[in-house]
Amino acid sequence: MHSLLDYLRLYFIIEAQYIKARMQYRADFIISSIGMFFSSLATLGVFWIIFDSIPDLAGWTFMQLVFIYGFYMIAISPMQILFDHIWQIRFHVQQGTFLKYYFRPLNMMFYYMSEMFDIKGLTQLAAGVVILIYASLQLGLEWTLARIALLLLTLFSASLVQISITVMAGCAAFWVLDAYPVLGLAWKLREFAPYPMNIFDGAFRFAFTYIIPLGFVAFYPSQLFLQPQDVSPLMYFSPLVGIGLFALTYWVWTLGVNSYTGTGS
Amino acid sequence: MSLIHIQNLNKHFKVLNRREGIGGAFRDLFSGSYRTVKAVDDISFDIEAGEIVGYIGPNGAGKSTTIKMMTGILKPSGGVLQVNGLMPYNNRIKQAQIMGVVFGQRTQLWWDLPVIESFKILREIYKVDQKTFDEHMGMFNELVGLKALYSQQVRTLSLGQRMLCDIAASFLHNPQVVFLDEPTIGLDISVKAKIRSLIKTLNAQRNTTIILTTHDLGDVEALCHRIIIIDKGKILYDGDIKRVTALFGAYRTLKLQIDDYNDATIIALQDKLTDRFGTDNGSTIAQTEEFWTDVTFDQARTPLSDVLAVVMSNFKVSDVRVVEISMENVVQQVYDGALR
């Protein structure tokens, strides 16, 4: 049996090797990192254009949106960096290569996800950190130790929300012949996450809060920092959303893994 | 107590009875009728530590399903299945520590990494201590020259090299049982021989139990003392290989391209063989592919040279090949009562 520490150590060893192997394709790394960086900035450009003609968006200023966007970019990075292998799951399931993940004395989700480490996601993470710091300086937010701890906790939870939504969509591969549309939809929807939820009308806002809780990837947790005085005390429980959702996702994954029969050989 | 204990084991799958055509497919969406397929149907056997068992049968016989149950992927529908006293499906992680698996030609090594790094990661996963690790790596190197491949990325290995690495890797943590599924498929003779000697040596030195599924009767002959033949989910034969070798070992198939082949050719050929060897000569004739006529015969009763002489003196033949008897043919012979 492996302890948490064993897993951490193992992850470090595997990824160190993986990164070393990837670095041989330097051009690929540089170009995809640059691409990642600019596609991150594109949404910021959209904000810029919107705010060129209107002073605020449903009560939110440009710089507040930049803060939310920075939060969003950090929150979606762990999915990008650590769970990127979920995109391949339909191939593994269809072609029977998924069988190998049963044969090691390891947690299967760990083993499966450890096979990919998306380095270019680090660019996104770094860009997110820079944007968040810049916006909070511009907004003159006050940072105490407690608030920094709260920020880290909410970021952790928010990234679990993003991971859960995507991984759960990927799990469709266990039951659906072609799970790509499901995963693609989850990925597309993510683009709604950096917007203030109050710009959406009732049905969408309800869906993004309670059904596919994209609001918890950036907007709701950001409120704890942007307007701490107005926020409902319930929001301090928002970290539980991420943990609960991930537990649900892990349960769905286990169901899928247990029902998989593989292909003939 | 035996290492693997299987008693009245079943695996049933529910399969949709598909209706024909698009309309049918649409109706299936709403009201499907299901039938039960018995992929593994009430089988029982015990395997002792140190045995090499050939688990063979034609495609769709239930081999893979049995292996998947033994390795903890599939949950049995009924019956008893214990490996080292535990039910694999309920104890996957624990069981994986004492098992090695090579499944078909899908590598379990890290595709982008050099071979040696894969072994190092496996050392961490299975917590193999450095001394045992060095000892095993030395042994693999001695047996198949693994060292020469250390720095190569797994993706750049040839199929044969990769199989050698995968098999060696499956033995690294000193497992009690190793499952090898079609380890030599698609490989040339020299690599096959290397793989067979690797398996044989590891079994002898480590007393590792090995369960081998294969289509290649050569593998079975070279490695196994015991053979279990399965077809349509049921065990047809479980016992000493010698009786089976005596059966298929003596059989050969002579493939002939006969000029001016027509419907009467097979009958004419059969008559000529009967004239020469009598009615009960054990030969069968069939046309299995276009232009080729297959004569399967028993070398003990009708030597190859004699059969060939009969064919050559009566027919105009443009091409000849001699092949070993196929798995399907062996199973057919067993059905026909050859081992009773």
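User: Why is A:F62 called partly exposed?

Analyst: Its relative accessibility is 22%. Buried means under 20% relative accessible area, exposed means over 50%, and partly exposed is in between, with a 1.4 Å probe and protein chains only. So A:F62, at 22%, counts as partly exposed. A word on the background: this is a predicted model, in which local features need pLDDT of at least 70, side-chain atom pairs count only at pLDDT 80 or more, and totals for chains, interfaces and linings use all residues. Residues are numbered from 1 along each chain as its sequence is written, chains are lettered from A and ligands numbered from 1 in the order in which they are written, and side-chain values use heavy atoms, with hydrogens and water left out.

User: What makes A:F51 buried or exposed?

Analyst: A:F51 has 12% relative accessibility. That value is under 20%, so A:F51 counts as buried.

User: How many aromatic pairs are there over all chains?

Analyst: There are 36 aromatic pairs in the structure. One of them joins A:F51 and A:F62, with 5.6 Å centre to centre and 65° between the planes.

User: Where do A:F51 and A:F62 lie along chain A?

Analyst: A:F51 is in helix 2 (residues 26–53) and A:F62 in helix 3 (residues 62–82), 11 residues apart, and their pair links distant parts of the chain. Helices (H or I, at least four residues) and strands (E, at least two) are DSSP runs, numbered from the N terminus.

User: Why is the pair of A:F206 and A:Y210 called tilted?

Analyst: A:F206 and A:Y210 have 5.0 Å between centres and 45° between planes. A:F206 and A:Y210 are four residues apart in helix 9 (residues 202–211) of chain A, so about one helical turn separates them. With a relative accessible area of 47%, A:F206 is partly exposed, while A:Y210 at 62% counts as exposed.

User: How do you know that A:R190 lies over the face of A:W187?

Analyst: A charge sits over a ring if NZ of Lys or CZ of Arg is within 6 Å of the ring centre and within 35 degrees of the ring normal. A:R190 is 3.8 Å from the ring centre of A:W187 and lies over its face. In chain B, the charged end of B:R123 sits over the ring of B:F133, 4.9 Å from its centre.

User: Where is B:N174, and how many helices does chain A have?

Analyst: B:N174 lies in the loop between helix 6 (159–171) and strand 6 (177–181) of chain B. Chain A has 11 helices and zero strands.

Terms used:
Rings of Phe, Tyr and Trp (its six-membered ring) pair if their centres lie within 6.5 Å; planes under 30 degrees apart count as stacked, over 60 as edge-to-face and the rest as tilted.
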